[in-house]
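Biologist: Could you take me through this model, beginning with the overall fold and then moving to particular contacts?
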Amino acid sequence: MNSQMILADAKLTNFEKQARDGGRLKCPNITFKNSRYIFSVKGLSWLWNRETCRSQGKDLVSIETEEEWTFINDEIQRRKATCSSSRHMWSIGLTKNAGNWTWVSGRPLTICKWGKGEPSGENDAAFIYKRSSHGEQGVFGSGGRIWGQTYICEISTGKTQDLVAAISGGAEVIRGLQENVTLDGSPSYDPEAVHDDQSGMNFTWHYGKITRNYSFVLETKRDFFTEVNESALQYNGRASGVQISLDTGAMSLGDTCIVRLVVTKDYRNASVYQVIHFSKGDPPKIDQRCFINCLPKISPSVRLSVSSECQGLQCFQISSYEWILYQRYEGNASTAWQRKYDLELITSTPLNASNIVINGGSLAAGNKYRLALFITTTDGLRAMSAYDISTALPPTRGTCSITPSSGISLESYFTLSCVNWTSDSTPLSYRFQYRLKNGMYTVLYHGVNNSIVTLGIPPGNNAENYNIRLNVVVTDNFGISASPVNLTAQVRPSQSLRPDKIKSFLMPNDSLFQEVIRKGDLGKAAQLANSVLATLETRMNFEEKIKVIDFIIRNIASVKVNNTADLLQSSSVIGSALHVLEKVSPGLLELSLSAVDSQTNFLWSTVQLKDVADLSLVTRSAENLVWCLQRVLKISAEMASIDSTLDFQEQLRFFSLFLPVINSRLSQTLQVPQQGERSVNTALKVLGKVADALLALRISDENMISISTGHLKMTLGRHSPNKLAGLQIKGGSGSFILPPWPVTGRNTTSFVDTQMLSMSFNPYTWDSTKERVDSDVLFLDLKDNRSELLEVSSLPDDIVIVIPSKPRTMPNELWYFTTDDDLRFHEITVKYENTLIQVEVKPQEPTVHLFVYFRFGQRPTIRNYDLNATISQYGQCVWTASTHDKKERQPECSSNPLTPIATLARHPGKYFVGRYEGTTSTVWQRKYNLELITSTPLNASNIVINGGSLAAGNMYRLALFITTNDGLWAMSAYDISTALPPTRGTCSITPSSGISLESHFNLSCINWTSDSTPLSYRFQYRLENGMYTVLYHGVNNSIVTFGIPPGNNAENFTMRFNVVVTDNFGISASPVNLTVQVKPSQSLRQDEIRSLEAMIQEVIRKGDLGKAAQLANSVLQIVAQETKMNLEKKIKLLTLSLPTEEVFQSSTALSVVLI
């Protein structure tokens, strides 16, 4: 929008008076963001209209953003006849100069809203239609400057945004004395200007030396920054320009310089400081670049992504990175910046990576932080970059509601409204959104209206009593959003909407659906379409459904997508329509795929803007598109599987299931399988573009993300090339392990994107690969920074692909005998190369050994084979023919006789498996893996066998052999029996979610059995701060408590318990893991806290430290600072006289207090 100075109200009144005196009706003005708009009723030529606006200190409207266009379009559509022209068109401030269309504000045309056939010819002025002759709403038309029409003036009413001053490197940096220090102010910008437009901005630099010694910053100290006191500074230099060079001739090692940059434009100014420490050598110059969430005040609810940049030859010698976050505390200059030690817990990147991502919701609103990066080179040089961050205050204090609380879809009108929301950055926008019962997301409305009325809410899920869960997101003028407000309404399906009424509701030219389609109102069209589609699932037969769905998809696909809300709405309709039907016509499939492809292109263009207000919609839109493409793949795969050898009549019978009318010739009909193959390949390419769009919002080494939609899962990641070695990418039932990546030649790239796709069905129905590989992993793509596939060649090691093979069981009775050595053998025909053959054998008698032999092409004997295995009831050993005499290496042995004996059949053909039985008097069999299960060397005087290494209910003999220098030897052997722990029981916690200090949770264990009773039960968990505590330990198998503290907000308040069941001799079963969602109490007032303190005192007087610790941990987790002193003193008194485990609980409570 135009950003000139403010018009006084008196001048505005004069403008309206002039309009009225000119014979025009007075129409109310409206405000949006920082501008007020006047819509005239009459007007003359474009030139006269502009002069009228300018005479009042403003200009014709410049519509520079999608958001502003939506606002203007909404306004002109709702204007009544008394306040609109008969021609339904208004002059706007768009004009053609030197062949280019630009706004009168001086900014280029960045949104394309031209109507059909526009702009036309030599026309050099523009207007906006209420509705064009082609039925388009809000589109631009072109005409001459002498054409007559009404007009829209724009008058600034709000405060122009402040300038942003910034210096490359940040608030504090290290530079070398030997280098030419360049001060760069190019990161400064004007939020009111077009991106990177610094015209009109003036840069003035002031610099001087700080006398205090800060040389310790050059060593290892991390948690101290130079405090800038402007009144005490003395500058000895001044310069101007975006970039200047700093003369370091007067500087010495350890000196510190202060620089102040002042940026001015019109009446605005901004300033910023940079502290420079000078060190020896030429350290690399480090800078931070914001990637996501880059407003002057960032959104605390959105992740902050920052990348580092390095300049200088030393950049190739960096040995370590270290990110540290500090929070500003005002009022104590010596501790102004306090280090946040929980940074590792709130990031999705390692702290030793070159980039960092701080998770959304981790930074407090309305606070100041300093993000510092420290690097060290292999030569010991240090560099740093520190940037200051301010978090915005989101809209607050408001409420939202939906009335009535129940109704009927497509019959009841629901009112959704929000009131009393306040913010310093107005106007506010409101987004009403929800999730369809098929899993896709959609938006009811997104705009500046705080109240909407709709009948287009689809019915809820029958299994959830038809409840629809909506959430409302309130966002300020800069895209800062409050926490979503959750609403619930019961929406039942219409019982009167019969199939004939559904068609009459949608298809007539005068229907509501057709009307909103003609207006291009995608929001209302999507509401109606999704409501009808939810009804279609049970109301219509197949033929009727496909006619309605064909009609819906074609109409929705015809409406242009203008913003992310439109994208979410349009994709939700197409996905829902495809979800209703198992089969669609080839033409409709092609149309749906084309629409999804177009929507994916819009998604790609949207992610380039990185608008914080759109990030959540971008992710959900991508999920919707994946839902659509999953259905396209399923339908296309079925088309591709049609047997093209069927005669024409047989194909007609097949196609009649899903084609209402077949008017194609035989040659066209025979092409359906080929079209199915093409659609599969196209859909997979579009899926790749969706993945590219999502990865465009990631930085290197950020945690990988997954998108799961029913039968399809995408695992996506962006990685630094030097971090690929050993990277494991998991998806579905398979995984890939990558080797070190070559970073030269054709594979040169700044990052590598990994895109793994897994599906529960095989879209390549014409391919027989799945006959031998039982995996849902379809492919793994590796792409460079241009989103192009990388060439996988010249790798130092193989890529390891871990996927299950498809087993083929051999019948037991088909064994053959040979007289040679009385060997029985079995013949296996291998169809594919590199087929894995596995055999599982267990002798039934303890004195029987089985000898198994493998051989390719011929029957094996006990002397001629490719692989040999010896199996007893206690274990097995396997060796190949070349190592049968054990001269090259020991055999591979296992204590588990059921471990599969495997051999790789490298070539197709016949393989033979032979089996020979023998008896032995050997009862004790050596465990060759002892070295792997001990934490002491086997040649030491002591031994420790790790827990979990010996099987329960078995006998072992542990022998020690020693030898003296004289050759004498001795031995000692002890027999060991392992106990059977408690078995067969289960444990549970109910309810599955609740509120700390309000909900009562029941933890219970049942059906546990043991020969050594009674059993005891220990319910334990780990606190959010990392310490452990016990809820209960004793013989009761069931407890009830409300003293469970809230879980971590970053993990959806999930608390993880484990229960240990122990018999009378202390033998424990494996822990049983339980999870429960425990949210913090929102109603815990000060008087309630005091009553809880009284309750704690009561259980302390009783000596019940267990219950005291439960209550204390819960209270401290919510309001630690208000109750810290009293609880610490009271609980501390009991720790010296209580048993060990209770002391353990007490120390846990104390540690929470101390934190």
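Modeller: The following covers the fold, one set of paired strands and several salt bridges.

Modeller: The model is predicted, so to speak of local features a pLDDT of at least 70 is needed, side-chain atom pairs count only at pLDDT 80 or more, and totals for chains, interfaces and linings use all residues. Residues are numbered from 1 along each chain as its sequence is written, and side-chain values use heavy atoms, with hydrogens and water left out.

Biologist: How many helices and strands does the protein have?

Modeller: The protein has 16 helices and 56 strands; these are DSSP runs numbered from the N terminus, helices being H or I with at least four residues and strands E with at least two.

Biologist: What share of the residues is buried?

Modeller: Of the 1155 residues, 48% are buried. Buried means under 20% relative accessible area, exposed over 50%, and partly exposed in between, with a 1.4 Å probe and protein chains only.

Biologist: Let us turn to strand 14. Is it mostly covered or mostly open?

Modeller: Strand 14 (residues 256–265) is mostly covered, with eight of its 10 residues buried.

Biologist: Which strands pair with strand 14?

Modeller: Strand 11 (residues 202–210) pairs with strand 14 in the antiparallel sense over nine bridges, and Tyr207 stands opposite Val259. Strand 15 (residues 268–279) is also antiparallel to strand 14, over 10 bridges, with Thr256 opposite His277. Two strands pair if DSSP finds at least two bridges between them.

Biologist: What lies between strand 14 and strand 15?

Modeller: The hairpin has two residues between the strands, and Asp266 takes a positive phi near 45° there.

Biologist: New topic: how many salt bridges are found in the whole structure?

Modeller: The search finds 24, a salt bridge being a side-chain nitrogen of Lys or Arg within 4 Å of a carboxyl oxygen of Asp or Glu. One of them joins Glu66 and Lys113 at 3.2 Å, N to O. Glu66 lies in helix 3 (residues 66–78) and Lys113 in the loop between strand 5 (100–103) and strand 6 (125–129), so the pair ties together parts 47 residues apart in sequence.

Biologist: Are those two residues buried or exposed?

Modeller: Glu66 is partly exposed at 27% relative accessibility, whereas Lys113 is buried at 4%.

Biologist: What about Glu827?

Modeller: Glu827 forms a salt bridge with Lys910, the closest N and O atoms being 3.0 Å apart. Glu827 is in strand 39 (residues 823–830) and Lys910 in strand 46 (residues 909–919), 83 residues apart.

Biologist: Which residues form a network?

Modeller: Salt bridges link Glu172, Arg370 and Asp388 in a network.
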